[in-house]
Amino acid sequence: MWLNRQYLVKLGGLLLLGWYLGYLLAALITKDTVTTSVAQLQYIGNKPVLRAPVPKRQKCDHWSPCSPGNYAYRILSGGGKAKLAKICFEDELLISEQKGNVGRGINIAIVNYKTGKVTSTKFFDMWQGDHSGEMMTFIKNAPEGSLLLMVTHDDGSTRLKNDARKLVEELGSKEIRNMKFRSSWAFIAAKGFKLPDNIQKEKINHSDRKKNRYGGWPAEIQIEGCIPRNLI
């Protein structure tokens, strides 16, 4: 009984002390101080969350930019029925589905090297009809000092004749004679001058029933790089 009374006395003392300290604290802290503290807490909550900066988009979707004084190019072959070929030069789509000028066969864009501007684009169906001779004429009519960017969509070889293959080979292609049914192929060449040896000029991927990404079609391939503007 005596212990319970002693416990109650101590508890009452603690409560009294707590009440006194609370009263004293309330007297010392002004309304303005409370308002400022709340505002600071809200400000902290409104601070922007630090995030990594979004990578800057480069010309033709390169991972890294071409140095000043260079042209950027990217050539992407078709893949299956849905993914059509694309040719990009200096961040301009020269041939693409969006432009409505891509087709089955071999797609070619001719660019004036001095100005970097496209002068002509065309595709040549190599599955139906005889367009191999037309393609040769198109290439031969490209002026000296031109860049020729070529890429396949679907099949580019079935009706491609040997004299057309020889003409593309003379432009520097090492794979045109190896191209088979539905091979994915991309190539860039120069007419009347020489491209640097260290840039990516050509790539090929053959149809293989065991490895094809799109049933009867192989995976698309691409080449890209930077071409100095002072070659001629």
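In what order do the 4 strands of the open sheet run? They go β3-β2-β1-β9, with antiparallel pairing; strands here are DSSP runs of E, at least two residues, and helices are runs of H or I, at least four residues, both numbered from the N terminus. Two strands count as paired if DSSP finds at least two bridges between them.

This is a predicted model, so local features need pLDDT of at least 70 and side-chain atom pairs count only at pLDDT 80 or more, while totals for chains, interfaces and linings use all residues. Residues are numbered from 1 along each chain as its sequence is written, and side-chain values use heavy atoms, leaving out hydrogens and water.

Back to the sheet: β3 and β9 sit at the edges, each pairing on one side only. β2 and β3 pair in the antiparallel sense over 3 bridges, and Cys88 stands opposite Leu93 in β3.

Now the cores, meaning sets of buried Ala, Val, Leu, Ile, Met, Phe, Trp, Tyr and Cys residues joined through side-chain atoms within 4.5 Å. Buried is under 20% relative accessible area, exposed over 50%, partly exposed in between (1.4 Å probe, protein chains only).

| Core | Residues | Among its members |
|---|---|---|
| Largest nonpolar core | 24 residues | Tyr73, Ile75, Leu147, Leu149 and Ile227 |
| Another core, apart from it | 23 residues | Phe124, Leu167, Ile176 and Met179 |

Leu149 touches Tyr73, Ile75 and Phe187, among others; a contact is heavy atoms within 4.5 Å.

Finally, Ala142 lies in the loop between α3 (132-140) and β6 (146-153). Ala142 counts as buried because its relative accessibility is 4%. Its contacts include Ile110 and Leu148.

Conventions. Lists of a residue's contacts leave out its neighbours within four places in sequence.
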